[in-house]
Amino acid sequence: MTLMAQMDCCTMLGIGPKTLRNWLRHAKMPFSPHPTDARLKCLTCEQVQQLASLHARSLEMSPDSSRAPLDEVPPPASPPEHTAAQENEAQLVSATSSALQEAELRKVVGALEAKVLTLQEQLTQLTLELLRERSQRYEQRLSALEALLPEHTTRSSSAPELVPVIEQRPPCSSTPPRPLQPAELRARSRILARVEYGTQGLYVLICPQEGVLSFTPDSPQWFDWLASLTSFRFLGPQGRFTAYREGQTRSWKAYRTFHGRSHKRSLGTTDHLTIARLEQVATSLQSEMTSL
């Protein structure tokens, strides 16, 4: 038995639901319940054809006639039991793919960070090499200029700011020394006393006014001479610096300028200015210059 829904019957007969109910009441035809859903009101094909004959109606094909009758429509297929497993598998595949992509991104970022670190190290090495090369050039030029100072002083007496010429007179000479001119006195007053390591492994003490001094370092005359100074230049085998007295005190400081920056060290008081102390500070400053 083929059942048809109420709306489909109205469409085929070309009437409304109310008219259909009136026709069924006059013809004493009841609605047939749907076998699976009792809420649906249905008619058989024979009842529809009988109503059409009683009321001289021609049956029209319903727009939805292509669909199967209600009693022949198969129930909705229940989802297969493995749908949840497939969803879990799809989620697992998606999570695995995301994890792989994240791992690849981490690998790429790590490679980029390693390259950046390598470039930074190379830049640091190049900077250190440049500073070392500049330091070496500066030291070479300074050494060359210091080597030319005595020679230039002996050739030209019009350069009072250079190292004074060491006057050597015969010990038995009775000729009195020539008095210095005021310009010479002012020029020599601007020249710093020097404590310089000589070629024979001995220190030479040079005074701007008296020339080479005869006493040795670390002697009582040495400390008396330093007490009369306000500054002097020290040139040792391991380094060099300029020493100056701090105001009117007995404390001394050593400084050396490198690349426009001044590096200072404390020397102590006058009675501590031994050759060993001066060499220690010179070595410390030189090592600081080399490390830059």
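Reply: Between strands β5 and β6 there is a hairpin with 3 residues separating the two, where helices (H or I, at least four residues) and strands (E, at least two) are DSSP runs numbered from the N terminus. This is a predicted model, in which local features need pLDDT of at least 70 and side-chain atom pairs count only at pLDDT 80 or more, while totals for chains, interfaces and linings use all residues. Residues are numbered from 1 along each chain as its sequence is written, and side-chain values use heavy atoms, with hydrogens and water left out.

Strand β6 covers residues 211–212 and runs antiparallel to β5, the two being joined by 2 bridges; two strands count as paired if DSSP finds at least two bridges between them. Within this pairing, Cys-207 has Gly-211 of β6 as its bridge partner. Strand β5 itself (residues 203–207) is mostly covered, since 4 of its 5 residues are buried, buried meaning under 20% relative accessible area, exposed over 50% and partly exposed in between, with a 1.4 Å probe and protein chains only. Strand β5 is also joined by 4 bridges to strand β4 (residues 193–197), again in an antiparallel arrangement, and here Val-195 stands opposite Leu-205 of β5. The hairpin of β4 and β5 has 5 residues between the strands, and Gly-201 takes a positive phi near 80 degrees in it.

Another set of strands can be read in the same terms. An open sheet of 3 strands has the order β1-β3-β2 with antiparallel pairing; β1 (3–5) and β2 (32–33) are at its edges with a single partner strand each, so one side of each has no neighbour in the sheet. Strand β3 (residues 41–44) is joined to β2 by 2 bridges, and Ser-32 has Cys-42 of β3 as its bridge partner. Helix α3 (residues 45–54) lies across β1, β2 and β3 and runs at about 75 degrees to β3, with axes taken as lines fitted to C-alpha atoms, for helices over the stretch in contact, and angles running from 0 to 180 degrees between N-to-C directions.

Turning to the charged side chains, there are 10 salt bridges, each being a side-chain nitrogen of Lys or Arg within 4 Å of a carboxyl oxygen of Asp or Glu. One of them joins Glu-288 to Arg-265, with the closest N and O atoms 2.5 Å apart; Glu-288 belongs to helix α7 and Arg-265 to strand β10, so this pair ties together parts that are 23 residues apart in sequence. Glu-288 is partly exposed at 22% relative accessibility, and Arg-265 is partly exposed at 27%. Arg-137 and Glu-133 also form a salt bridge, at 2.6 Å between the closest N and O atoms, but both of these residues lie in helix α4 (residues 83–155), 4 residues or about one turn apart. Glu-139 counts as buried at 14% relative accessibility, and, leaving aside its neighbours within four places in sequence, Glu-139 is in contact (heavy atoms within 4.5 Å) with Arg-240, Arg-256 and Gln-286.
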